[in-house]
Amino acid sequence: MNNGKKFGFTTTILHSDRQKPIEHGSLHKPIHTAVAYSYRDARELAQVFQGKKPGYRYGRQGNPTINALEDKITRMEDGMATLCFSTGMAAIGAVVQALLRNGDHVVSSSFLFGNTNSLWQTVNLQGMPVSFVDATRVDNVERAITSATRMVFVETIANPRTQIADLARIGELCRERGILYVVDNTMTSPYLFRPKQVGASLVLNALTKSIGGHGNALGGSLTDTGLFDWTRYPNIADNYKRFAPAQWGIAQLRAKALRDFGGALGPEAAHHLAVGSETMALRIERESASALALANMLNADERVAAVYYPGLPSHPQHRLATELFRAYGGLFSFELNTGIDCFDYLNRLQLAISASNLGDTRTLVIPVAHTIYHEMGPERRASMGIAESLIRVSVGIEDTEDLLDDFRQALEQ
């Protein structure tokens with residue numbers, strides 16, 4: 001490739017592997033399955049373990065196939081460095097395991113993926129209190145901050161009700177206060193939005209979703225954007241301060257979350273995710289266009305009580321979404337009128353599949369309150385605006401007209 005030339009999003013991903021030598025001229029980085037790495041000189045092995053020389057120690061802490069994927073994600077997010085994990089939840093757990101201590105306080109958006117909400121409830125019980133706030137307004141976040149606040153956590157577009165956090169102003173607040181700003185970019189993806197532009201310190205992606213995009217591999221990632229001043233963070237252990245300050249966070253995450261906690265991504269999954277990422281922009285363009293068409297159709301139907309999609313002018317954060325995101329994404333949710341059973345409706349769909357994943361090539365639907373948000377109970381669901389009839393839709397790459405016909409015929413029956 002022409003070194004120094006600025007390429008577009010997809011071109012950069014496609015040719016990312018070629019920025020470093022690839023074995024035997026392969027077009028993709030090969031799958032390296034070895035978990036241990038040998039050195040002819042034992043002194044060199046010691047230098048690698050001590051961080052004095054680059055190299056691989058053990059599969060839990062790094063692998064050539066996984067590193068190639070990490071390089072791709074770093075380029076996607078315009079970051080400084082990326083670490084990959086076995087799942088998106090492992091990546092969120094890594095932040096807790098590596099960067100929080102007893103007594104630390106977290107401010108989190110109350111509009112969260114169900115499992116993230118469950119994790120924060122566990123963290124709260126472990127001596128690290130979590131305050132849940134409506135993050136669509138920065139003043140709610142500011143009021144919740146205390147002298148013990150170490151982190152603010154938000155999602156770009158909330159799953160499943162699609163609320164959008166006051167991303168830029170929260171970023172400004174965190175920068176002023178020296179607080180770590182963690183942004184989950186899963187619902188937008190690096191193609192639609194780069195959280196670095198609103199001051200994010202760490203960017204989280206569930207690679208299983210839009211980046212991998214084919215429902216065939218689990219994975220998660222954390223990207224250090226290079227914006228956070230780690231010298232202001234009190235929880236960095238002295239032995240990681242031997243690195244340049246910009247590397248303190250990623251060094252501690254690698255050691256505490258991968259080496260010690262062990263949530264490592266496997267090389268086969270990394271390969272699937274890397275190959276899947278090459279078509280991300282193409283898929284998301286199609287998914288976003290179909291989602292907008294479906295949301296408009298359902299919004300105009302008198303049998304539908306409500307549609308939640310940032311692309312609709314009626315959405316409370318429509319203007320913000322238009323300013324920040326390249327498109328509005330492939331996820332929306334809707335409620336049917338009283339008297340229409342959501343299970344019967346879902347069973348009448350012929351193309352959309354009842355399943356729990358997101359960002360797949362196939363359109364997936366799920367009754368939210370009865371499945372992925374069932375455990376949190378009716379009171380917590382109500383506080384998140386999740387009605388008992390709410391249906392979440394993750395739009396795939398099927399032909400738009402076929403999807404419109406499918407959702408329409410299920411209403412007409």
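How many salt bridges does the count come to? In this predicted model, the count comes to 19 salt bridges. Let us start with the chain as a whole and then visit some of the pairs.

## Overall shape and fold

The protein chain carries 15 helices and 12 strands. Its C-alpha trace spans about 75 × 55 × 35 Å along the principal axes. A compact globule of 413 residues would have a radius of gyration near 22 Å, and the protein chain agrees with that, since its own value is 22 Å.

Contacts tell a story about sequence separation too. Take the contacts in the protein chain between residues at least 6 apart in sequence: 71% of them join residues at least 24 apart.

## Burial and surface

Of the 413 residues in the protein chain, 55% are buried. The chain exposes about 17,700 Å², and 49% of that area is supplied by carbon and sulfur atoms.

## Charges

On the charge side, the protein chain has 41 positive and 42 negative side chains. The centres of these two sets lie 10 Å apart. Side chains of opposite charge can pair when their charged atoms come close, and the pairs below put names to this idea.

## Salt bridges up close

Which residue forms a salt bridge with Arg 259? The partner is Asp 260, and the closest N and O atoms of the two are 2.6 Å apart. Asp 260 counts as partly exposed because its relative accessibility is 42%. Arg 259 is partly exposed as well, with a relative accessible area of 30%.

Glu 23 and Lys 29 also meet through their side chains, in a salt bridge with an N to O distance of 3.3 Å. Is Lys 29 buried or exposed? Lys 29 is buried, because its relative accessible area is 17% and the cut-off for buried is under 20%. Glu 23, at 26% relative accessibility, counts as partly exposed.

The pair of Asp 360 and Arg 362 is another salt bridge, and here the closest N and O atoms are 3.8 Å apart; a salt bridge needs the nitrogen within 4 Å of the carboxyl oxygen, so this pair qualifies. Asp 360 counts as buried at 9% relative accessibility, whereas Arg 362 counts as partly exposed at 45%.

Beyond these pairs, there is also a network to look for in the structure: Arg 137, Asp 139 and Arg 143 are joined into one by salt bridges that share partners.

Methods: Residues are numbered from 1 along each chain as its sequence is written. This is a predicted model: local features need pLDDT of at least 70, side-chain atom pairs count only at pLDDT 80 or more; totals for chains, interfaces and linings use all residues. Side-chain values use heavy atoms; hydrogens and water are left out. Buried means under 20% relative accessible area, exposed over 50%, partly exposed in between (1.4 Å probe, protein chains only). Helices (H or I, at least four residues) and strands (E, at least two) are DSSP runs, numbered from the N terminus. The radius of gyration is taken over C-alpha atoms; the globule rule is 2.2 Å times the number of residues to the power 0.38. Contact means heavy atoms within 4.5 Å. Accessible areas come from the Shrake-Rupley method with a 1.4 Å probe; for residues, only the protein chains shown count as cover. Lys and Arg count as positive and Asp and Glu as negative; His and the chain ends are not counted. The place of a charge is taken as NZ of Lys, CZ of Arg, CG of Asp or CD of Glu.
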